[in-house]
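Take a moment to turn the model around on your screen before reading on.

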Amino acid sequence: MSLNRLNSYKNNTIDTNESRLRRHEVTVELRKSKKEDHLLKRRNINEEDQSSPIKVLPKVASPADPSVDRIFENIRSSDSKRQFAGLLAARKLLSNEQHPPIDLMIDNGIVPLCVEFLQKVECPHIQFEAAWALTNISSGTSEQTGCVVASNAVPHFVNLLECEYIYIAEQAVWALGNIAGDGPTARDIVIENNAIDGILRLLDKNSTIASLSLERNLVWLMSNLCRNKSPMPSFEQINRLLPSLAKLLWGFDAQVITDTCWALSYLSDDNEIKIQAVIDADTVPRLVSLLDTDHPNVMVPALRTIGNIVTGTDQQTDVVIAAGGLQRLKKLLKHSKEMIVKESAWTVSNIMAGSSKQIQAVMDAGIFRELCHVLQNGDFKSQKEAAYAISNMTTSGTYEQLVHVIEKYQILRPFCGLLEAKDSRTILVVLTGLVEIFAMTDIRSAAGDIERLCVTIEEIGALDKLENLQRHENQDIYKKAYFLLDTYFSENETAEAKLVPRQTQGTLEFTVEKLDVPKGGFTF
């Protein structure tokens, strides 16, 4: 084999950088698909909410539907009873209506007034109503949340984390969660005001109080502090939450576990240093066990975190394998929810981009049978991830592993079926895998194996698909398809070489093979 031809194979391999870029894209897409299940902000608290801290307070009568002017007249009064009545009425408007009048309240100056009331330590009931009103305002748009931040509410909410009244501290947690969930800028303001110190102290206090609603709100706040990129939160600060998150992962409440898993998924969705920090917190065994849960809301972020971890080094991937991750992934590839099948296939594709030893572990776990099923019967997004898994194997696996998978699972037919996909990137993934399969067969196989592979490709209908791709508008697809056809399927190459004329003494001579004519001539 010529060096140029060998180089042409090398130029078509899937490299690690490309694989990691894909992983990030998949993560973003999956996160968007779960946006409704995992809210950035919690809106419109009402008194019937089971996790609302208001339930610890006695019911207080309030005037029926006072006018906005009357509300602000009371709030601006120097009489604490009128202040409380005004705040109560304002909070009810912000809480109970389907479309709360947040802008109307902001325009009337409620935000700086409430921030001032947060500091009224001698009147905890007023502090609480002010905190509640600001919580609902910060659950609105970024502009509305920005008004709360611009009025310097964050440091006062952080101070309230130390309040002796737990219901006030919990309302402060709720408000900070809404603010941190608004985006990286607001999140960093919360972190810079030492909220993490207050969170850790409040978690420690709650180990004695055992308030489930407080624990839920604290974990949700921690999750929002870990989320968002561009920029990422300060890892030096966020890393301080890891020991507590590792403990919370072993809780019994599904909501607490869900938000804990989301926090870990955000922490691990970056570089190998952060992945290692998540591993060092001894979270992997518990995360893997959560893949067996019947709660999809828990399973999805746990699976996401596992998927992030196996984008790291081979050693980090080995931790997931050692914890029994492959057996769980095999089950999840048969899950009834398409999104879970897709993310499981994505996770397997990351493992398949590792070492041949790890690929062997995937084979030993019986995962290829399920991958083949996904390629044949899954939804397109899951098929695409399964195709990546096969292509990654052609790059990272051994020739013996490749032959075993092709022969035992007959995976070429469903794999090549995706050559007719409408998505150009999927077609390129399959073509890249085919180039690697032919290259490895050409280099390592015995005489006749290439011919048998070509026959198989033709029998499963893939040759026709390759020929059709020569007319594809995507130039990369055209080039790969042409390369495969020209290199391995040019049947008349030898015969055409014999028809090339030779130049002898200025004239062209054509060589024609002598025909073996039967006696009596040909009969038609």
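A210 counts as exposed, because its relative accessibility is 61% and exposed means over 50% relative accessible area, buried under 20% and partly exposed in between, with a 1.4 Å probe and protein chains only. You can find A210 in the loop between α12 and α13. Its phi is near 60 degrees, a positive value in a residue other than glycine. Most residues other than glycine have a negative phi, and most peptide bonds are trans.

Before going further, a word on what you are looking at: this is a predicted model, in which local features need pLDDT of at least 70 and side-chain atom pairs count only at pLDDT 80 or more, while totals for chains, interfaces and linings use all residues. Residues are numbered from 1 along each chain as its sequence is written, and side-chain values use heavy atoms, with hydrogens and water left out.

Now look at N194, in the loop between α11 (184-192) and α12 (195-209). Helices here are DSSP runs of H or I with at least four residues, strands are runs of E with at least two, and both are numbered from the N terminus. The phi of N194 is near 65 degrees, again a positive value in a residue other than glycine. N194 is partly exposed, since its relative accessible area is 48%. Where does the chain have a cis peptide bond? It joins S230 and P231, with omega about 0 degrees. P231 sits in the loop between α13 (212-226) and α14 (235-238).

Next come the charged pairs. The structure holds 16 salt bridges, each being a side-chain nitrogen of Lys or Arg within 4 Å of a carboxyl oxygen of Asp or Glu. One of them brings together R82 and E73, at 3.4 Å from N to O. Both partners are partly exposed: R82 has 30% relative accessibility, and E73 has a relative accessible area of 44%.

Another salt bridge joins K384 and D423, whose closest N and O atoms are 3.3 Å apart. This pair links distant parts of the chain, with K384 in helix α25 (residues 380-396) and D423 in the loop between α27 (412-417) and α28, 39 residues apart. D423 counts as partly exposed because its relative accessibility is 25%.

In a further salt bridge, the side chains of R444 and E400 meet at 3.0 Å, N to O. Here too distant parts of the chain are linked: R444 lies in helix α28 and E400 in helix α26 (residues 399-409), 44 residues apart. R444 is partly exposed, with a relative accessible area of 47%, and E400 is partly exposed at 47% relative accessibility. Returning to R82 and E73, salt bridges that share partners join them with R70 into one network.

Let us move to helices that touch. Two packed helices are described by the angle between their axes and the distance between the axes. Helix α16 (residues 254-268) and helix α17 (residues 272-280) pack at an angle of about 145 degrees, with their axes 8 Å apart; the axes are lines fitted to C-alpha atoms, for helices over the stretch in contact, and angles run from 0 to 180 degrees between N-to-C directions. Which residues meet? L264, L267 and S268 in α16 meet K274, I275 and V278 in α17, where contact means heavy atoms within 4.5 Å.

What lies inside? In soluble globular proteins, nonpolar side chains tend to be buried together. A nonpolar core is a set of buried Ala, Val, Leu, Ile, Met, Phe, Trp, Tyr and Cys residues joined through side-chain atoms within 4.5 Å. Of the 158 residues in the largest such core, F157, F368 and I457 touch the most other members. Helix α28 (residues 424-444) gives the largest share of this core, 10 residues. Leaving aside neighbours within four places in sequence, F157 is in contact with several residues, among them L118, A131 and V148.

D449, in helix α29 (residues 449-459), counts as buried because its relative accessibility is 19%. Apart from its neighbours within four places in sequence, D449 is in contact with Y399 and T441.

Finally, step back to the whole chain. Its secondary structure comes to 32 helices and two strands, and buried residues make up 52% of its 524 residues. Of the contacts with a separation of 6 or more, 72% are between residues 24 or more positions apart.
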